Amino acid sequence: MNKVQNYVEKILQPKLQGDGGWVEFVKLEGGELSLLFRGECSKCLILNRCCSWIEDEIKKDLKTNVKVIAIRKKPYFQDV
């Protein structure tokens, strides 16, 4: 497991779960981090802010620049 995937699963998932959301690592290619958003995140109107926050957190903690590509999981309810 690479460090970005581990960070998403161990650090970011629990933070988003606190608000009823869920994020899953999909892939990291050429600086683009694809994440699958479920639960409340799948219908969030400010998901772009969350993606920017994730980019900032990864840059701060892992010293890695990424661009988050958000994939919304439908239907819009917690299905994990």
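Visitor: Where is Gly21?
Guide: Gly21 sits in strand E1. Helices (H or I, at least four residues) and strands (E, at least two) are DSSP runs, numbered from the N terminus. Keep in mind that this is a predicted model: local features need pLDDT of at least 70, side-chain atom pairs count only at pLDDT 80 or more, and totals for chains, interfaces and linings use all residues. Residues are numbered from 1 along each chain as its sequence is written, and side-chain values use heavy atoms, with hydrogens and water left out.

Visitor: Ok, and is Gly21 buried or exposed?
Guide: Gly21 counts as buried because its relative accessibility is 3%. Buried means under 20% relative accessible area, exposed over 50%, and partly exposed in between (1.4 Å probe, protein chains only).

Visitor: What does Gly21 touch?
Guide: Leaving out residues up to four places away in sequence, Gly21 touches Leu16, Arg38, Glu40 and Cys41. Contact means heavy atoms within 4.5 Å.

Visitor: What does strand E1 pair with?
Guide: E1 (residues 21-29) is joined to E2 by eight bridges, and the two run antiparallel. Two strands pair if DSSP finds at least two bridges between them. Leu28 stands opposite Leu33 in E2, and Glu29 stands opposite Glu32 in E2.

Visitor: How many residues are there between the strands in that hairpin?
Guide: The hairpin of E1 and E2 has two residues between the strands, and Gly30 takes a positive phi near 55° there.

Visitor: Which residue other than glycine has a positive phi?
Guide: Lys63 has a phi near 55°. Most residues other than glycine have a negative phi. Lys63 is in the loop between H2 and E3, and it counts as exposed because its relative accessible area is 70%.

Visitor: Back to E2, how much of that strand is buried?
Guide: E2 (residues 32-39) is mostly covered, with seven of its eight residues buried.

Visitor: And how does E2 pair with E3?
Guide: E2 pairs with strand E3 (residues 67-72) in the parallel sense, over six bridges. Ser34, for one, has Ile69 in E3 as its bridge partner. To get from E2 to E3 the chain goes through H2, and this β-α-β crossover is right-handed. Right-handed means that, with the strands pointing away from the viewer, the path from the first strand over the helix to the second runs clockwise.

Visitor: What about Ile54, where does that one lie?
Guide: Ile54 lies in helix H2. Ile54 counts as buried because its relative accessibility is 0%. Not counting residues up to four places away in sequence, Ile54 touches Leu12, Leu35, Phe37 and Val68. Ile54 and Val68 are 14 residues apart in sequence, and 7.6 Å apart in space, C-alpha to C-alpha.

Visitor: New topic: what volume does the largest pocket have?
Guide: The largest pocket has a volume of about 210 Å³. On a 1 Å grid over the protein atoms alone, a pocket is an open set of points where a 1.4 Å probe fits, with protein on both sides within 12 Å along at least five of seven lines, while a cavity is a set where the probe fits but cannot get out; lining residues have an atom within 4 Å of a point. Grid points are joined across faces, edges and corners, and a volume is the space filled by probe spheres set on the points.

Visitor: Which residues lie nearest the centre of the largest pocket?
Guide: Leu16, Asp19, Cys41, Cys44 and Cys50 do, out of 13 lining residues. H2 gives the most to the lining, with four residues.

Visitor: And is Asp19 buried or exposed?
Guide: Asp19 counts as exposed, at 64% relative accessibility. Asp19 lies in the loop between H1 and E1.
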